[in-house]
Amino acid sequence: MSTPFPFTAVVGMDDLRLALLLNAVSPAVGGVLVRGEKGTAKSTAVRALSALLPEVDVVAGCRFSCHPGAPDPQCPDGPHAPGPGTSRPARMVELPVGASEDRLVGALDIERALSEGVKSFEPGLLADAHRGVLYVDEVNLLHDHLVDLLLDAAAMGASYVEREGVSVRHAARFLLVGTMNPEEGELRPQLLDRFGLTVEVAASREPELRVEVVRRRLAYDDDPAGFAGRWAREETELRERIITARALLPEVRLGDSALLQIAATCAAFEVDGMRADIVMARTATALAAWAGRTDVLAEDVRQAALLALPHRRRRNPFDAPGLDESKLDDTLDEFRGDDDPEPDPDGPGGGQPPQGGPGDSPAGPDTGSEAPRESESGPSENGQDNSRQDDAPAEPQQSGDQQPGEQPRPAAAGAGEQTAVGASEPFRTKMLSVPGLGEGAAGRRSRARTEHGRTTGSRPPQGTLTRLHLAATVQAAAPHQRERGRSGPGLLVRRSDLRQATREGREGNLVLFVVDASGSMAARRRMSAVKGAVLSLLLDAYQRRDKVGLVTFRGKEAAVALPPTSSVDAAASRLESLPTGGRTPLAAGLLKAHDVLRVERMRDPARRPLLVVVTDGRATGGPDPLALATRAARLHASEGTASVVVDCESGPVRLGLAGTLATDLEGTAITLDELRADSIAGLVRDVQQVSNGPRRAA
């Protein structure tokens, strides 16, 4: 077994270390979601935590880690006789992104259950993680139904497995830690709310701190065991402090004034439901125990709010998580009890906690000093500084773009370009779906064969049986009962009789937006409406678990503003900063989209694309631009790409060029007004591939 990087050797990241330690003290806090850019030691810190957890006593031979003093009466391996048990280190179990449902919750042998009446259960990762740590790297990429199962087990402390009337239950209490890079997509707000605490991490911009990170990492890579040995004393001290805080936790008193501050804070920040109040109360209690106190103070409530509320304030996927600390302080001051002391500027505990308390960076044996906080020179807590730097529009590189009909003019920076305009208010859109039956990743847009959904038929299993079609299995076994020598009431079932249920649900698609940003779209009111429509479609894609991409065309060329990604908020950010002006290279935009889709088909052939072209249909620049656009559109049609053209043409006189483009794409034309779900034209219409001209989506 490899030697983990010592937890106390992690440089900086005070909030992350504090959140992990609070969950180690009180797993009832509900776990930690760690959000941050790649390469910020998120996984390293989580893996290091498991070595700090105290050993656990278990019943010898129990696959479900029952405590010998209080074994689970419903344990599948039970009942257990009283006994001393054995001790083992707390486990850290990793859940891979591509794990199946059976791997997570466990698998029942349906064949033995039907033929022998035996409940043969193979435990999953939830059983392995019981009384330990369950770590999910890239939790935002995990299938939604697996996240639901995971969070349900974490909330109930038990896992239930049911297959065709055969049921197994076992205890599943663990410290849940998830890490994610927001650039790769967000979790749904409902799932975010199920994580107790959240922490934003970012690489420090302090050269001295970065030097120390590199120095320690190189020393660990050269000699992991020797490096861990140099930090053994700090690790032991921190482990003992966790044990002490756990023992003190039941004695901590959460007074009425602290409860009032918690309730007032959650109300002031308008968080949904009551889970935030409960998590804040548990976190504040754990903070007091960690500081060695038996009373919860106002600074504990403040720190609990900073950890428990930011991710619960998001109302849509484009809201950055964060908390207004001035408003938080005002709320706490307003509801401060008469017996509450003034908050200490040094943070939770008022400087009273033992060495290595919350907010401290453990000093390394080779440095002898405390590392500076990352937050002093890095991005703000909500990460907005970084995202603004990444997403800010670059200075215009091209010059000489002009409105159609204008005389050429000398090259100048930004010539022919208008500044970006804001998007209009988003609205609920009609559902646009890809025709046919796909087999892509689970989602909520187009029809597909999936593991979850309504049962549509049966087939012989290919490999492990996951979903039994009971009626089809009985029908297959019934004709063979006499020749198999059946004499009693039971049905004699063989492997060849088993039938797998085939189900139909919904899949996520790749929605590729091709947006016209040329001079013909440059009227502020018009471009605002167009951006509002695309933003609305991005919100719809987020809710339906699609991947999205963004191609824009203007001036002389087309560009991939955002390669296909699960992060719709990144697409919205690119859209917000999109400038307009110049000619309309429609053909270039369509060809660029074709290149993107060609690469994505090789990467993920099961994910079907939906091409959404947002334009008025005009094409300018070069010889015969309309003919070039027609050929490019027919290239998409020849490959069977489902397409929709959002017609942005306005005014009393309309040329109908967007409709012609839809004909060439063999897709559907829809106006901005018809895109609204509440339009009179209707509610839902599939994107149809038509050959006799464009159809308005109704």
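Is Met13 buried or exposed?

1. The residue in question is buried: Met13 has a relative accessible area of 8%. The model is a predicted one, and this applies to every point below. Met13 belongs to the segment before helix H1 (14-25). Its backbone deserves attention, for phi of Met13 is near 50°, a positive value in a residue other than glycine.

2. Ala41 also has a positive phi, near 65°, and is likewise a residue other than glycine. Its place is the loop between strand E1 (32-36) and helix H2 (42-49). With a relative accessibility of 31%, Ala41 counts as partly exposed.

3. A further backbone feature concerns a peptide bond. Gly78 and Pro79 are joined by a cis peptide bond, with omega at about 0°. Pro79 is located in the loop between strand E2 (56-58) and strand E3 (86-88).

4. Glu212 and Arg216 form a salt bridge, in which the closest N and O atoms are 2.7 Å apart. The two residues are four apart in helix H8 and are therefore separated by about one helical turn. Glu212 is buried, at a relative accessible area of 9%, and Arg216 counts as buried at 3% relative accessibility. Val213 lies in helix H8 (residues 207-222) as well, but this residue is partly exposed, with a relative accessible area of 41%. Together with Val214 and Leu218, Val213 makes a nonpolar surface patch of about 250 Å².

5. Salt bridges occur elsewhere too, and the count for the model comes to 32. One of them brings together the side chains of Glu234 and Arg233, at 3.2 Å from N to O. Glu234 counts as buried, at 11% relative accessibility, whereas Arg233 counts as exposed, at 55%.

6. Which parts of the chain does the pair Glu600 and Lys547 tie together? The salt bridge between Glu600 and Lys547 has its closest N and O atoms 3.6 Å apart. Glu600 lies in helix H19 and Lys547 in strand E17 (residues 547-554), so the pair ties together parts that are 53 residues apart in sequence. Both Glu600 and Lys547 are buried. A network is also present: Arg445, Asp540, Arg544 and Asp546 are joined by salt bridges that share partners.

7. The most comes from E15, with six residues.

8. Arg454 and Arg503 are 49 residues apart in sequence, and their C-alpha atoms are 5.3 Å apart in space. Arg454 is found in strand E14 (residues 454-459) and counts as exposed, at 53% relative accessibility. Ser257 and Phe335 are 78 residues apart in sequence, with a C-alpha to C-alpha separation of 7.6 Å. Ser257 lies in helix H11 (residues 256-268) and is partly exposed, with a relative accessible area of 22%.

9. Finally, which residues of helix H16 are buried? In H16 (residues 470-477) they are Ala472, Thr473, Ala476 and Ala477. Viewed down the axis of H16, these buried residues fall within an arc of 130°, and they therefore line one face of the helix. The face turned away from the buried side of H16 carries the exposed residues Ala471 and Gln475.

Definitions and conventions. Residues are numbered from 1 along each chain as its sequence is written. This is a predicted model: local features need pLDDT of at least 70, side-chain atom pairs count only at pLDDT 80 or more; totals for chains, interfaces and linings use all residues. Side-chain values use heavy atoms; hydrogens and water are left out. Buried means under 20% relative accessible area, exposed over 50%, partly exposed in between (1.4 Å probe, protein chains only). The arc is that of the directions from the helix axis to the C-beta atoms. Patches are made of residues with over 30% relative accessible area and no salt bridge: like charges are joined within 9 Å, nonpolar side chains (Val, Leu, Ile, Met, Phe, Trp, Tyr) within 5 Å. Accessible areas come from the Shrake-Rupley method with a 1.4 Å probe; for residues, only the protein chains shown count as cover. A salt bridge is a side-chain nitrogen of Lys or Arg within 4 Å of a carboxyl oxygen of Asp or Glu.
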